[in-house]
Amino acid sequence: MKQSRRSFLTQLSLLSASPLLASADLFATTLPVSAIQYGYAAITWGNDIKQSILDISALGFKGIQLRANAFTEFGQKPEELIRLLKAAKLELAMYSSGNANINTGNDEAEITKHVESARFVKILGGTSIQLTNSSRPKTGEVSNEDLVKYAALLNEIGKRTAAIGIKTTYHNHMGQLGQTPEEVEVILKNTDPKYVKLLLDVAHYQQGGGDPVTAIKKYKDRLECLHIKDVKHTDDAKGYIFVELGQGRVDLSAVFAALKAINYHKYAIVELDAVPVKGRTPLQSGQITKDYLTSKLKIRI
């Protein structure tokens, strides 16, 4: 984040007094309590945030997940982003604050950047930030010590964001700490449920060797958000690719049945890291996913 902390906090106090931000129900939802809320992640559009807002709105989703590049573009002018979201009738469902790394040698700087994200999200009317981690060893096994150390960092971030009314959520991820179900378990066992919630990515969890249905039921009390995602095998060195819903091997029917069983009513956010087919647009990928949800699964978004 390029903006200094002092500059950002000064701007926060000014914006908080703005009539544009005065209404507590700026992004109020009218969905019934029992209904899952459906969002779509802007990551597929890369840095074209404005187009992602237009396309996600056109697809009919009610929420959007933005990334830290939104701060880069709108950190000095959040009121412009608020107007774009309001015009598109989109709620900020989640904000990806990036990685919380345990090996930088400066934990306080790591904590501060996520607290600044939380303050930005507060201005936008959001409620949560998502954290991942990029410190997985290039060779060898992940140590229990590293997982516990990472959990401690999440706890501290969660305490500080909670103080300003923003939840911290941990996002399990391939190639990072929490790649396997066993690692996720250690992280969650060593974080305080009061300060650290779970954003379960069903495709990452499955690719890491787990069963997302089992995870939904096991972590129902920690579950703050989901990434609804699909993945299929590839023959390249990576071995997998994320694809539009219904194009991979995640049993999404079972996932939604599990969500119904636990009476889940928060956000389920569709995420597709990149368009998997050359020449296809993010909007076209989104339409494939929407058609799967509405036609195949009979879900009303």
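Which residues are exposed on the other side of α5? I looked this up before anything else, working from a predicted model.

**Entry: helix α5**

I found Arg 83 and Ala 87 exposed there. I then listed the buried residues of α5, which spans residues 78-87, and got Pro 78, Leu 81, Ile 82 and Leu 85. Seen down the helix axis, these buried residues fall within an arc of 105 degrees, so they line one face of α5. I noted the background for this: an α-helix has 3.6 residues a turn, so residues three or four places apart point the same way.

I took Leu 85 from this helix for a further check. Leu 85 has a relative accessible area of 0%, and therefore counts as buried. I also looked up its distance to Ile 53, a residue 32 places away in sequence, and read 7.0 Å between the C-alpha atoms.

**Entry: after α5**

I moved on to Lys 89, which follows α5 and sits in the loop between α5 and β3. The phi of Lys 89 is positive, near 55 degrees, and the residue is not a glycine. I wrote down the general rule beside it: most residues other than glycine have a negative phi. Lys 89 counts as exposed because its relative accessibility is 70%.

I noted another positive phi, about 60 degrees, at Asn 263, again not a glycine. Asn 263 lies in the loop between α11 (252-261) and β10 (267-270).

**Entry: the whole chain**

I stepped back to the chain as a whole. I counted twelve helices and ten strands in its secondary structure. The chain has 301 residues, and 52% of them count as buried. I read its accessible surface as about 13,600 Å², with 49% belonging to carbon and sulfur atoms. I also looked at contacts between residues at least 6 apart in sequence; 75% of these join residues at least 24 apart.

**Entry: the barrel**

How do the eight strands of the closed barrel run? I traced the order as β1-β2-β3-β4-β5-β6-β7-β10, with parallel pairing. Neighbouring strands of this sheet are turned against each other by 30 degrees on average, direction ignored.

I picked one pair to follow. Strand β3 (residues 91-99) pairs with β4 (residues 128-132) in the parallel sense, over four bridges. In this pair I found Ser 96 opposite Gln 130 of β4. Helix α6, residues 107-124, lies across both strands and runs at about 170 degrees to β3.

**Entry: His 114**

I looked up His 114 as a residue of helix α6. Is His 114 buried or exposed? The relative accessibility is 0%, so His 114 counts as buried. Leaving aside neighbours within four places in sequence, I listed the contacts of His 114 as Ser 97, Gly 98, Asn 99, Ala 100, Ile 129, Leu 131, Ile 157 and Thr 161.

**Entry: two loop residues**

I placed Glu 271 in the loop between β10 and α12 (282-296). Glu 271 is buried, because its relative accessible area is 7%. Not counting residues up to four places away in sequence, I found Glu 271 touching Ala 41, Ile 43, His 171, Asp 201, His 227, Ile 228 and Lys 229.

I placed Thr 180 in the loop between β5 (167-171) and α8 (181-189). At 18% relative accessibility Thr 180 counts as buried, because the cut-off is under 20%. The C-alpha atom of Thr 180 is 4.8 Å from that of Gly 208, which is 28 residues away along the chain.

**Entry: aromatic pairs**

I counted seven aromatic pairs in the structure. In one of them, Tyr 40 and Phe 61 have ring centres 5.2 Å apart and planes at 65 degrees, so the pair is edge-to-face. Tyr 40 is in strand β1 (residues 37-41) and Phe 61 in the loop between α3 (49-59) and β2 (63-67), so the pair ties together parts 21 residues apart in sequence. Both Tyr 40 and Phe 61 are buried.

I then checked Tyr 95 and Phe 120, also edge-to-face, at 5.8 Å centre to centre and 70 degrees between the planes. Tyr 95 is in strand β3 and Phe 120 in helix α6, so this pair ties together parts 25 residues apart in sequence. I noted Tyr 95 and Phe 120 as buried.

Last, I found that ring pairs link Tyr 40, Trp 45 and Phe 61 into a cluster.

Note on methods
Residues are numbered from 1 along each chain as its sequence is written. This is a predicted model: local features need pLDDT of at least 70, side-chain atom pairs count only at pLDDT 80 or more; totals for chains, interfaces and linings use all residues. Side-chain values use heavy atoms; hydrogens and water are left out. Buried means under 20% relative accessible area, exposed over 50%, partly exposed in between (1.4 Å probe, protein chains only). The arc is that of the directions from the helix axis to the C-beta atoms. Contact means heavy atoms within 4.5 Å. Accessible areas come from the Shrake-Rupley method with a 1.4 Å probe; for residues, only the protein chains shown count as cover. Two strands pair if DSSP finds at least two bridges between them. Axes are lines fitted to C-alpha atoms, for helices over the stretch in contact, and angles run from 0 to 180 degrees between N-to-C directions. Rings of Phe, Tyr and Trp (its six-membered ring) pair if their centres lie within 6.5 Å; planes under 30 degrees apart count as stacked, over 60 as edge-to-face and the rest as tilted.
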